[in-house]
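Reader: Could you walk me through how this fold is put together? I'd like to start with the strands and then move to the core.

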Amino acid sequence: MVRALAPMLAVAGRPPDVPDLWSIEMKWDGMRAIARSSRDCRLSSRTGRDITATFPEVAATLDELTRGRELIIDGEIVAPDPASGAPHFGRLQRRMHATRPSAVLMRAVPIQYFAFDLLAIDGQLITTLPYSERRRRLEDAALSAAAVQTPPSWTDVDAATMLELAQEHRSEGIVSKLAIS
């Protein structure tokens, strides 16, 4: 399996406004995490630190959803606000520093993993494929459960509209990704 992969980080700037060429996603207020599944799922932070024990429900859910298939997934761990459902970084901090969270803490601060890119399948790195193809394969993987979601991505909406929606839903902003190359 591919071992060393670091997440591509967002860069601040004015979003391109070329629908169909760019994919737009919400920017989540969470913790970046690479998930490596095979016989068991391992989670690592963007610095490479193993965070599997900190978020055992994500690892267990990905184990169930991937059924032993080798995948490397890029995503974000978030802690939704119970009232609004919007990611809340302050809540997530309660979990980030618990190397082995108690059942009480896990119930008090439930988390979710938002998968937004597929980097490798069955030991083959696919980062040279266009983002639109990696995203299609991620959606085909059907990673959907209470603790794991694949949030939507839009190619047919302009950036200004998406920025308004992000503000309306108290999201951190948007991320634009070149959909084709």
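This is a predicted model: local features need pLDDT of at least 70, side-chain atom pairs count only at pLDDT 80 or more; totals for chains, interfaces and linings use all residues.

Reader: Which residue in strand 5 stands opposite Ile-77?

Author: Strand 5, residues 112–121, is joined to strand 4 by 8 bridges, and the two run antiparallel. Ile-77 belongs to strand 4, where it is buried. Standing opposite Ile-77 in strand 5 is Tyr-113.

Reader: How many residues of strand 4 are buried?

Author: Let's take the two faces in turn. On one side, Leu-71, Ile-73, Gly-75 and Ile-77 are buried. On the other, Ile-72, Asp-74, Glu-76 and Val-78 are buried too, so both faces are covered, with buried meaning under 20% relative accessible area. For strand 4, residues 71–78, the count is 8 of 8.

Reader: How many residues does the largest nonpolar core have?

Author: Phe-55, Leu-62, Ile-73 and Tyr-113 have the most contacts inside this core. Strand 2, helix 1, strand 4, helix 2 and strand 5 each supply at least two of its residues. Leu-62 touches Ile-73 and Tyr-113, with Ala-35, Cys-41 and Leu-143 also among its partners. The size of the largest nonpolar core is 30 residues.

Reader: How many residues are in the second, separate core?

Author: This core includes Val-157 and Ala-159. Met-162 and Ile-174 also belong to this second core, whose residue count is 10.

Terms used:
Residues are numbered from 1 along each chain as its sequence is written. Side-chain values use heavy atoms; hydrogens and water are left out. Buried means under 20% relative accessible area, exposed over 50%, partly exposed in between (1.4 Å probe, protein chains only). Helices (H or I, at least four residues) and strands (E, at least two) are DSSP runs, numbered from the N terminus. Two strands pair if DSSP finds at least two bridges between them. A nonpolar core is a set of buried Ala, Val, Leu, Ile, Met, Phe, Trp, Tyr and Cys residues joined through side-chain atoms within 4.5 Å. Contact means heavy atoms within 4.5 Å. Lists of a residue's contacts leave out its neighbours within four places in sequence.
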